[in-house]
Structures are given as structure tokens and as C-alpha cells.
Amino acid sequence: MGINPAWKPCEISPDSISAGSGAGVAALAEWLDATPDLQGLLDREKALVFRGFGVTEDQLGPVMDRLLPNRLAYVHGNSPRTKVGDNIYTSTEYPAEFTISMHNELSYAHSWPARLMFCCVTAAETGGATPVVDAALWLEALDDEVRERFADGIRYTQNLHGGVGLGKSWQETFETQDRDQVDAFLAASRAVGEWRRDGSLRVTQLRPATIRHPRTGAQVWFNQSDQWHPAALGDETAAALARLLPADELPQSVAFADGEPIPAEYVLQIRDRALEAAVDVNWRRGDVLLIDNLLVAHGRRPFTGARRVLVAMSD
């Protein structure tokens, strides 16, 4: 499958599907029921924007039942968010003035969602778009030197406090208070967990930097090396963290698979070239975005005003 540098999500509206039930959620549900190969459509288009159906927060159920056949909990997730329903979450609760760089959800984990669905309940006053990028194009945009150095994979390290500290606690991360459940999860995911005397947990895992899509065969950039590297936080923030904690005690850090440090210029190239190639989904209230989490990475632009975008995921 070739790479299309002009790729953008496919927009589906009531007009484009000749909806027989009007322009509401019933029309969208009717069209989804009549679409026998939604998976094939998503494989081809990589991302779908359902616009004009006016989906509200209390109408998400029928839409999610069709788009996400097996909703997953955000277990082992590293970004701050609030659970608002049955495996439904707020999108990342990161300060509004910052850009969230491109990433594939849970790409640092042993298993990850195949699909993500976002729903815009409240659009920001200004900004707040969700940028999306073709992950194969992202891989192609990187220098040969960078691709080659990452070929053996990545070592991720998390330091999860036990209730008080920087970053997320292990209780929040794994949605449990039971250490035995955490140990079982880590063992099944081939991650190494080390319980510390202060009640915190250190998790180390080796993961690939790229992955091949199981149906399309596309080779894609699939990791969060830039988001886990202090260089991507900016010089001042990185320097402040360095004064507080040694590198191996940060809430999250990353290295090459052999343990060697990743140069700052590599992660900045990774971050910046993805953002440069990204296409913005500028939210309107009631929009729903469905993406293939391997084929498409996503982020968030800065915004002002209230913004409420919900997210759910499926295998």
C-alpha cells in the first residue's frame, strides 16, 4: 500500500450517505448497520470523521456499540484522564496552553487498542484541534540514521508513586489497589516490575519502534520515544526536572534497547516531523472521529475556553 502525502481523514455526513432517518444519531446507527465492511473502510481510509449527526454525550452508547465492538479499559495508560462511564474517558487532561505531540495510544505497552473513537461534546473557543498523521508517512519522514538506530527497539521505564509524587500512581495507572493484580498484568505483558520500599513501582519494558499492520501490511512508526524523553518537554522544564530527580527516577524515561541514551536531536526530529505532516481535525460539537490506532497517530493543539472531548478504545 503506497504512502499518500496528501492523506486526510474521510468525512462522512448525512448528505454523503443519503440518510433515510434524518440527520441524527439514528441515521448514523442505520448507516453503520448497513455497512457490512466497516473494517475494510477503516483499513482503506485510516480515519473517519462522522460530522453533522449531532452525537451528544448521552447518545454515545449506540454509536460506540457499533464502532467499538469490545471497549477496553485504559489500563497501563500514562496520560492523565478521568473515567466518565463504562470504559469512556476524557481526552488527555493536559494544560490547555500546550501541544500534545503525535502518538499512537499505548504504543509503549505489550498490547494496545486497535481503534480509538473520539466524540466532541464541547468544542474549544479557539484551537483545540486533534491533529492526525499517517504513521507510515511519519516513518518515511525520518532520517535514515534515526530509523536505523531505533531498529532494535526501545527501553521504557516508568516510576509510579504509591499515592504521593510526580506523575501518576500505580493505582491510577492500573485501575486497582491490588498489587497481585498488577504483578499478574506485568507478567502477562512481559514487563518487569520492581516494588520499592516507599510503595512506588518501577516498570521496565522493551518494545519495538515500528510495527507492521496486520491487514494492510503497512510498516509504521509506533512508539512514544519523544513523549517519554525530557528533551521534548523544552529546555526549561527538562532542566527543572533534572534538578529535582536523576534521569532514572523521572516518572517516565526512555532509552535505546541496549540502554544507551537517545540523543535529544533524534526525539526532536521525531516530534517535529510528525507535527509538520499532521492534518488537523477541527472539532465541531457532535463530531465523532474513529481512527485505526496503528495506521494513524494523534495529538492535540493548544486551546482556549472549555473543551470536552471524550475517548474510548477497542481491540
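Arginine 66 counts as partly exposed, at 31% relative accessibility; that class lies between buried, under 20% relative accessible area, and exposed, over 50% (1.4 Å probe, protein chains only). Its side chain meets that of aspartate 33 in a salt bridge, 2.9 Å from N to O. A salt bridge here is a side-chain nitrogen of Lys or Arg within 4 Å of a carboxyl oxygen of Asp or Glu. The pair links distant parts of the chain: aspartate 33 sits in helix α2 and arginine 66 in helix α4, 33 residues apart. Aspartate 33 counts as exposed, at 54%.

This is a predicted model: local features need pLDDT of at least 70, side-chain atom pairs count only at pLDDT 80 or more, and totals for chains, interfaces and linings use all residues. Residues are numbered from 1 along each chain as its sequence is written, and side-chain values use heavy atoms, without hydrogens and water. Helices (H or I, at least four residues) and strands (E, at least two) are DSSP runs, numbered from the N terminus.

The whole structure holds 16 salt bridges. Aspartate 143 and arginine 273 form one of them, at 2.6 Å from N to O. Aspartate 143 lies in the loop between α5 and α6, arginine 273 in helix α10, 130 residues apart. Aspartate 143 is partly exposed at 34%. Arginine 273 is partly exposed at 26%.

The largest nonpolar core has 27 residues, among which Leu48, Phe50, Val55, Leu67, Met117 and Leu290 touch the most other members. Such a core is a set of buried Ala, Val, Leu, Ile, Met, Phe, Trp, Tyr and Cys residues joined through side-chain atoms within 4.5 Å. Helix α2 gives the largest share, five residues. A second, separate core of 26 residues includes Leu106, Val133, Leu142 and Val146.

Rings of Phe, Tyr and Trp (its six-membered ring) pair if their centres lie within 6.5 Å; planes under 30 degrees apart count as stacked, over 60 as edge-to-face and the rest as tilted. Phenylalanine 150 and tryptophan 221 have ring centres 5.3 Å apart and planes at 75°, so they are edge-to-face. Phenylalanine 150 is in the loop between α6 and β9 and tryptophan 221 in strand β13, so the pair ties together parts 71 residues apart in sequence. Phenylalanine 150 is buried, at 1%. Tryptophan 221 is buried too, at 0%.
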